[in-house]
Amino acid sequence: MNTAAVQERTNYLNESYGLKSWLLTKDHKRIAVLYFITISVFFAMGGVFASLIRTELLTPPGDLVSSETYNKLFTMHGVIMVFFFLIPSVPATMGNFFLPIMIGARDLAFPRINLLSWYLLIVGGALAIFAMVAGGVDTGWTFYTPYSTTYSNSYVIATALGIFVAGFSSILTGLNFIVTVHRMRAPGMTWFRMPLFVWANYATGVIQVLGTPVIAVTLVLVFCERVFHIGIFDPALGGDPVLFQHLFWFYSHPAVYIMVLPAMGVISELVSTFSRKPVFGYGFVAFSSMAIAVIGFLVWGHHLFVSGQSLYAGLVFSFLSYFVAIPSAIKVFNWTATLYKGSISYATPMLYAFGFIGLFTIGGLTGLFVASLGMDVHVTDTYFVIAHFHYVMVGGTIMAYLGGVHYWWPKMTGRMYPEGWAKLSALIVFIGFNLTFFPQFILGYLGMPRRYHAYPDEFQVLHVLSTAGASVLAVGYLMPAIYLFWSLRYGEVAGANPWGAPGLEWQTASPPPTHNFDKIPVVTQEAYDFSKVAGEVIEVG
Amino acid sequence: MGTRLPLFPEQASTISAEVDHLLYFLMAVSIFFTLLIFGAIFYFAIKYRRRSEQELPHSVHTGWTLEIVWSVIPFGLTMIMFGWGASIFFRESRPPDNAMQIYAVGKQWMWKLQHMEGQREINELHIPINRPVKLLMTSEDVIHSFYVPDFRTKQDVVPGRYTTTWFEATKPGKYHLFCAEYCGTNHSGMIGWVYAMEPQKYQEWLNGGAAGSLSAAGGALFEDLACNNCHKPDGNGRGPSLVGVFGSTVKLAGGGTVRADEGYIRESILNPAAKVVEGYMADMPTFQGLITEENVVQLIEYIKSLGPRPGQGQPGQAAPAIAGSIPSNR
């Protein structure tokens, strides 16, 4: 069809061929593609585990798989989805691809380190997969001690080592982003002209660099206790099991923001482009990302309200947790206000953005429930918490991820995705998601504990609804996998700027040339200035 | 398939209704904001839909007023949530003084409960209604969590220390008891029932069990383990007298004091060198691995039963200041 037209120009895809040209590339765009392929595989694995979990939970007794297998399934679902999909998701793919282009740079600051960080994810992932194939791990993705250090007879060390190695991938990506934003902005690209996607990834980089070493140290301590029986967490060896929870959540709560901040950055881009307006309250949205990055480090203790930590620690952590809610609320209000008097397109990425705002709102509001001490005592470790964080992680991050993939797909591949199918899949994802996870709020308040292989009969109706929703959701996720692949060959040729968007990434060819720009752009306008999108639009209203 | 579709758990304890009222408030706020956001998105998306591919809207200038309004109002609301939740938590964390005490020990994968009167139960707990019940809990292996949804109470049960929870059942019935902290293979089998009973029924149930009291069992154990060789009641042993020690303030070797509660006594049995009483040597052997958590509980109750010594109750008074003890040479 239009193959010839796409390949007329030299771009990052056709500049060289062969496996070696990919595996040794230092081009941030090619590395982003490597990440896309890698984390898509991980997402599919995590999804298969989730499907098996939901199928087991169709009936109250544990009858499809054994308890041991069930425990391994939810552990591996969590480990794969958190450490090998959600944490790299937006930054390693779209961040890698677009952060340099959006600030007018030719690459990230450290291209070799960028490639190294991909290899680290591969090595970490290989270790985790080895652990699964060898026999699996059954500690839950939270690795609570002393179960993980003393009692579990599964592949804890291999899994922990995999997460340890993958953590360095995350640290290096964050470091690379921070340095790039500081040092490599194009002339005229001041801090407050940067797209909000860049701000969000910058804030994320700060968390990755400051937080991830703590989980690395914690896993080393688990290793020391499990292998050398050095008493750190197990009281039988003189350790303190709750210390582990403090260390674990000191990273893993900020990690929630590693997962959701870049997604928020994507939403800022989508809302602006498809309303043809600058994001309302640009400065507030930018600073709210930084505020979340900072305050996010002060709230870890809200995971420990019933752990036996002191009453007053509980009070302080509950109080601080409400502070982190405000910047998130500010973002939601500003995105909504951006729509006001806009020119709103219903293109697929915007449908995902609407989905994100709605689901993240519910995820965020239910966060207020679990931050409230008296409420959390009842709902912690129940399906209420499962529903809450899936609304944020799946309803939030994955909706934004899919929205971003559709938005930037024409730029990355030079081809459009099929709009009709994409709209249908966005709708199916939204319906399937809510059917899967909304019943879990009710289940949780009723008292259904998480990580239960078998459960009392009265919870069955809600579990059946949830499983039905998961089936719908699976269809919604499979469709893009098929039509995006199809579009690589048969999609309409996109052109440089199919959305009429003002960002620098739309001012270069699709797909971009290897060095991103033929000439380094000089930036003379604010972010999201649609008036300068040449000749494509006229003023109305 | 189960035909029941409950949407709310029963309100079976004094705290249940309070937690539910907080839930209603949180739900009201959430529904309001969800409708506000969803409504605004739908309204704007339809009203300002793109009518021509060429249109360019005027940009709307950002004002500080709006930003401040939609930061301050939600913040005020969250502070109500914080205060309300905290006040419930305070009540949940502080058992009333008149609460009856029951010991709970979690182990993979069962709950063992011991009443003061000596009744022992596994995966079942019988309690009277209209009377606060305090659980003093520990684990023999990994972390568990004692969760009764109909009471809205949950507390992790942690190895190596005691944690407490309390509740006051308000209506007779049979309520789920779950382990809420993942504890290994058969975690979902670590469940049971709490039977809340009319007080006289509870008394009948208590009388049905023939076992001797906890403290009597502890007394026998105290002799079997030869604790009495050193901990003589008159204080003329290698260890301090334990008469009246419970609840007192103990002076420690090397300075400092500790309140002799259940946690301290448990630690002194399992890890005697951790806090040595002033004037004594750290020469007691550990009983870690030799006795079970249930044995520890029996010993604690025996020590409690040794009653107050005459003249006890002066703050700062060293409990075992007894002549004839071996002087410490540390």
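A:R276 counts as buried, at 4% relative accessibility, and its side chain meets that of B:E53 in a salt bridge, with N and O 3.9 Å apart. This is a predicted model, so please read every value below as computed from it. The pair crosses between chains: A:R276 sits in the loop between helix 10 (241-273) and helix 11 (282-295) of chain A, while B:E53 sits in the loop between helix 1 and strand 1 (55-56) of chain B. Across the interface of chain A and chain B, the rule finds one salt bridge.

**Where the two chains meet**

- About 8300 Å² is buried between chain A and chain B, and carbon and sulfur atoms give 69% of that area.
- Three residues, A:F333, A:Y445 and A:Y452, supply 8% of the area that chain A buries against chain B, which is more than any other three residues.
- The contact draws 99 residues from chain A and 90 residues from chain B.
- Between the chains there are 27 residue pairs in polar contact, counting pairs with both residues at pLDDT 80 or more.
- Helix 12 (residues 311-339) of chain A gives the most to the side of chain A that touches chain B, with 15 residues.

**Other salt bridges**

- Over all chains, the structure holds 17 salt bridges.
- In chain A, the side chains of A:K29 and A:D27 meet in a salt bridge with an N to O distance of 3.0 Å.
- In chain B, B:E267 and B:K275 form a salt bridge through their side chains, at 2.8 Å from N to O.
- Here B:E267 is partly exposed, with a relative accessible area of 23%, and B:K275 is also partly exposed, at 31% relative accessibility.
- Chain B also has a network in which salt bridges that share partners join B:K112, B:R120, B:E140 and B:E294.

- A:T212 belongs to helix 9 (residues 196-228) of chain A and is buried, with a relative accessible area of 1%.
- Leaving aside residues up to four places away in sequence, A:T212 touches A:G167, A:S170, A:I171, A:I207 and A:Y251.
- A:V405 lies in helix 15 (residues 383-413) of chain A and is buried too, with a relative accessible area of 5%.
- With residues up to four places away in sequence again left out, A:V405 touches A:F36, A:M94, A:M412 and A:L484.
- A:V405 and A:L484 are 79 residues apart along the chain, and their C-alpha atoms are separated by 9.5 Å.

**A nonpolar patch on chain B**

- B:L5, B:L7, B:F8, B:Y24, B:M27, B:I31 and B:L35 make a nonpolar surface patch of about 670 Å².
- One of these residues, B:L5, lies in the segment before helix 1 (16-47) of chain B.
- B:L5 is partly exposed, with a relative accessible area of 44%, and it can count towards a patch because patch residues need over 30%.

**Backbone features to look at**

- Most residues other than glycine have a negative phi, and most peptide bonds are trans.
- The peptide bond from A:S510 to A:P511 is cis, with omega near -10°, and A:P511 is found in the loop between helix 17 (460-490) and strand 1 (538-539) of chain A.
- Chain B has a cis peptide bond from B:Q108 to B:W109, with omega near -5°; B:W109 is in the loop between strand 2 (100-107) and strand 3 (110-115).
- A:H229 is not a glycine, yet its phi is positive at about 55°.
- A:H229 is placed in the loop between helix 9 and helix 10 of chain A and is exposed, with a relative accessible area of 55%.
- B:A226, likewise not a glycine, has a positive phi of about 65°.
- B:A226 is in the loop between helix 4 (214-224) and helix 5 (227-230) of chain B and is partly exposed, with a relative accessible area of 32%.

Conventions:
Residues are numbered from 1 along each chain as its sequence is written. Chains are lettered from A and ligands numbered from 1 in the order in which they are written. This is a predicted model: local features need pLDDT of at least 70, side-chain atom pairs count only at pLDDT 80 or more; totals for chains, interfaces and linings use all residues. Side-chain values use heavy atoms; hydrogens and water are left out. Patches are made of residues with over 30% relative accessible area and no salt bridge: like charges are joined within 9 Å, nonpolar side chains (Val, Leu, Ile, Met, Phe, Trp, Tyr) within 5 Å. Accessible areas come from the Shrake-Rupley method with a 1.4 Å probe; for residues, only the protein chains shown count as cover. A salt bridge is a side-chain nitrogen of Lys or Arg within 4 Å of a carboxyl oxygen of Asp or Glu. Helices (H or I, at least four residues) and strands (E, at least two) are DSSP runs, numbered from the N terminus. Buried means under 20% relative accessible area, exposed over 50%, partly exposed in between (1.4 Å probe, protein chains only). Contact means heavy atoms within 4.5 Å. Buried area is the accessible area (1.4 Å probe) that two parts lose on being put together, summed over both. A polar contact is a pair of N or O atoms within 3.5 Å; within protein, one must be able to donate a hydrogen and the other to accept it, and residues adjacent in sequence count only if both atoms are side-chain atoms.
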